[in-house]
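Subject: A structure for you to look through

Dear colleague,

Please keep the view open beside the text as you read.

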Amino acid sequence: PTTITDEIGIALGNLADAAAAPFTPTLRLGVTGLSRAGKTIFITALIHNLLTGGRLPGFAALTEGRFIGARLAEHPDAGIPRFAYEQHLAALTGKDPHWPDSTRKISQLRLTLKFQSKRWVSGMFGPTVLNLDIVDYPGEWLLDLPLLSLSFAEWSEQALKRAALPHSQAEAAAFLSEIAQTDSSKEATDVDAERLATAFTDYLRRSREDGRALSTLPPGRFLLPGDLEGSPALTFAPLPPSVGPVRSSSLYAMLERRYEAYKAIVVRPFFRDHFARLDRQVVLVDTLRALNAGPAAVADLETALTDILSCFRQGDNNPITRLVARRIDRILFAATKADHIHSSSHDRLEAVMNRLVADAARKARFAGAETRSMAIAAIRATRESVIEEAGEKHEVIVGTPQAGEVLDGRTYDGKTEIALFPGDLPEHPDSLFEDGRPVALNFLRFQPPQRLEKNAEGNVVLPHIRFDRALDYLIGDWLR
Ligand code: GDP
């Protein structure tokens with residue numbers, strides 16, 4: 001439950017936004033997604049495209065000639081790390097182009113955009129200025145929201161039940177046997193707390209490994225601790241109900257206190273100070289990876305997305321959601337890395353994305369936020385071609401697999417370009433797993449584009465798929 005102090009905190013935060021730039025409107029765009037979904041690439045491409053007026057036919061302000069330009073502005077929040085744009089761009093466009101390091105914690109960057117308004121009154125006074133604050137944060141952190149309304153006992157029950165599910169067994173076995181050997185009513189020690197927390201974190205981590213790609217397991221900071229690594233608030237684990245009354249010196253009581261500390265120190269401030277101040281949100285989803293990993297991963301992703309979306313939903317009974325969701329009016333679900341499939345499947349990927357968030361999106365819409373699904377590649381690493389084999393034409397993608405990638409027993413060296421038949425997505429998302437088997441995709445990670453075109457001003461042009469449309473949906477109406 002929220003408190004009046006939260007309310008005041010948020011009100012003050014909003015006031016501070018206004019005070020920092022008295023006359024310039026500010027649009028705060030949240031970019032989130034589970035780890036490796038593509039946030040870092042998305043934001044780097046977003047900034048670069050706006051700074052250089054990239055190739056964006058679907059971005060109306062640009063094609064209508066009203067977008068004048070963008071520049072990097074002074075960092076507005078001294079307490080939040082700045083998004084390392086220059087470093088990430090250098091990794092992608094330097095001499096030896098490679099993918100940059102991923103998002104591990106929250107970061108932010110402000111762009112100032114200048115445009116000619118179409119609106120009669122605003123347009124009369126020359127160009128209009130808009131601050132675009134891009135806020136990057138791990139989607140894992142959103143999965144923590146439900147914890148605010150769960151007691152330690154309730155959370156433990158859920159978490160242990162989930163660990164015991166058949167499809168979690170392999171990952172959870174070691175953790176569950178630690179729990180079984182632990183008497184939580186005995187005197188608390190840090191050694192025991194650490195042992196359990198380590199076993200629990202290992203289990204969470206293994207569920208996320210390649211091939212498993214499971215995603216829905218709070219607490220979010222256990223895998224992405226940010227600056228809190230090793231602190232007591234991150235050193236706990238779920239426990240079976242204690243038998244009899246809980247002594248305050250027992251292990252059970254200690255872990256319960258740490259769980260409450262996690263909520264107070266980690267979860268609540270994140271929602272109050274960051275999430276509650278967003279106007280727009282893009283949720284990036286590595287849908288193809290889940291499809292490739294099979295039905296369990298997709299079902300799991302669907303649950304994670306529903307949980308994530310419940311954070312944006314207004315008007316239900318949870319006072320926190322009511323509080324934090326009041327500003328976000330548009331949410332984009334973007335299936336990333338669409339360059340891994342042929343363009344003939346892009347609409348199908350969008351349909352799958354739509355299907356995955358259908359339930360949750362309906363509720364968000366009902367509560368006043370508009371949602372849309374798209375299939376995009378913020379940076380396109382492949383091109384398309386057609387190969388004829390025995391008189392039959394195959395639509396393929398051409399790219400350079402990253403070093404160490406394996407397909408059909410062959411290991412790639414990171415230098416060899418190949419043509420790959422990526423596989424088709426089914427025509428209708430309902431027939432995804434008809435026989436319970438994964439969709440037959442050939443899924444390889446590719447190197448980023450190695451030779452980039454330059455525009456007339458000498459700026460690198462980043463190739464993409466439908467990124468212009470995503471941009472138009474996210475900020476276009478603020479540039480009218
Ligand atoms: P984050 O953890 O959400 O910040 O994920 P990143 O943005 O770092 O992306 C993780 C990885 O996904 C990158 O290292 C790339 O290998 C891949 N990736 C991200 N975006 C794209 C894209 O548009 N196209 C392709 N081919 N790969 C991408």
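**What was found**

R36 sits in the loop that joins strand 1 (26–33) to helix 2 (39–52), where helices (H or I, at least four residues) and strands (E, at least two) are DSSP runs, numbered from the N terminus. Before going further, please note that this is a predicted model, in which local features need pLDDT of at least 70 and side-chain atom pairs count only at pLDDT 80 or more, while totals for chains, interfaces and linings use all residues. Residues are numbered from 1 along each chain as its sequence is written.

Although R36 is not a glycine, its phi is positive, at about 70°. R36 counts as partly exposed because it has 17 C-beta neighbours inside 10 Å; a residue is called buried if 20 or more other C-beta atoms lie within 10 Å of its own, exposed if 12 or fewer, and partly exposed in between, with C-beta atoms placed from the backbone. A390 is also a residue other than glycine with a positive phi, in this case near 50°, and it belongs to the loop between strand 8 (383–389) and strand 9 (392–399). With 4 C-beta neighbours inside 10 Å, A390 counts as exposed.

**The chain and its sheet**

The chain contains 14 helices and 12 strands, and buried residues make up 41% of its 480 residues. If we take the contacts with a separation of 6 or more, 75% of them join residues 24 or more positions apart, a contact being two residues whose C-beta atoms, placed from the backbone, lie within 7 Å.

An open sheet is formed by 7 strands in the order 2-3-4-1-5-6-7, with mixed pairing; two strands are said to pair if DSSP finds at least two bridges between them. Strand 2 (67–72) and strand 7 (370–375) stand at the edges with a single partner strand each, so one side of each is left without a neighbour in the sheet. On average, neighbouring strands of this sheet are turned by 20° against each other, direction ignored.

Strand 1 pairs in the parallel sense with strand 4 over 6 bridges, and T26 stands opposite N131 in strand 4. Strand 1 also pairs in the parallel sense with strand 5, over 5 bridges, and here V31 stands opposite V282. Because 6 of its 8 residues are buried, strand 1 is largely enclosed by the rest of the structure. Strand 5 (residues 280–285) in turn pairs with strand 6 (residues 330–335) in the parallel sense over 6 bridges, and the bridge partner of L284 in strand 6 is A334.

Helix 2 lies across strand 1, strand 2, strand 3 (107–115), strand 4 (128–136) and strand 5, and it runs at about 145° to strand 1. Such axes are lines fitted to C-alpha atoms, for helices over the stretch in contact, and the angles run from 0 to 180 degrees between N-to-C directions. The axes of helix 2 and helix 4 (residues 85–93) come within 10 Å and cross at roughly 95°. That makes helix 2 roughly perpendicular to helix 4, a label used for angles of 65 to 115 degrees. T40, T44, I47 and H48 of helix 2 make the contact with Y85, H88, L89 and L92 of helix 4.

Helix 14 (residues 467–475) is largely enclosed by the rest of the structure, because 7 of its 9 residues are buried. Among these are F467, A470 and L474, and the buried residues of helix 14 pack against strand 1, helix 2, strand 4, strand 5, strand 6 and strand 7.

**The nonpolar core**

Which residues touch the most other members of the largest nonpolar core? They are A334 and I376, in a core of 115 residues; a nonpolar core is a set of buried Ala, Val, Leu, Ile, Met, Phe, Trp, Tyr and Cys residues joined through C-beta atoms within 7 Å. Helix 9 (residues 251–273) gives the largest share of this core, 10 residues. Domain 1 (4–137 + 274–380 + 464–479) and domain 2 (148–264) both give residues to this core, so it lies between them, the domain bounds coming from an automatic or database domain assignment.

I376 is placed in the loop between strand 7 and strand 8, and with 28 C-beta neighbours inside 10 Å it counts as buried. I376 and A334 are 42 residues apart in sequence, yet 6.4 Å apart in space, C-alpha to C-alpha. Not counting residues up to four places away in sequence, I376 touches A334, T336, A338, I465, R466, F467 and A470.

With best wishes

How values were computed
Parallel < 35°, antiparallel > 145°, perpendicular 65-115°, else oblique.
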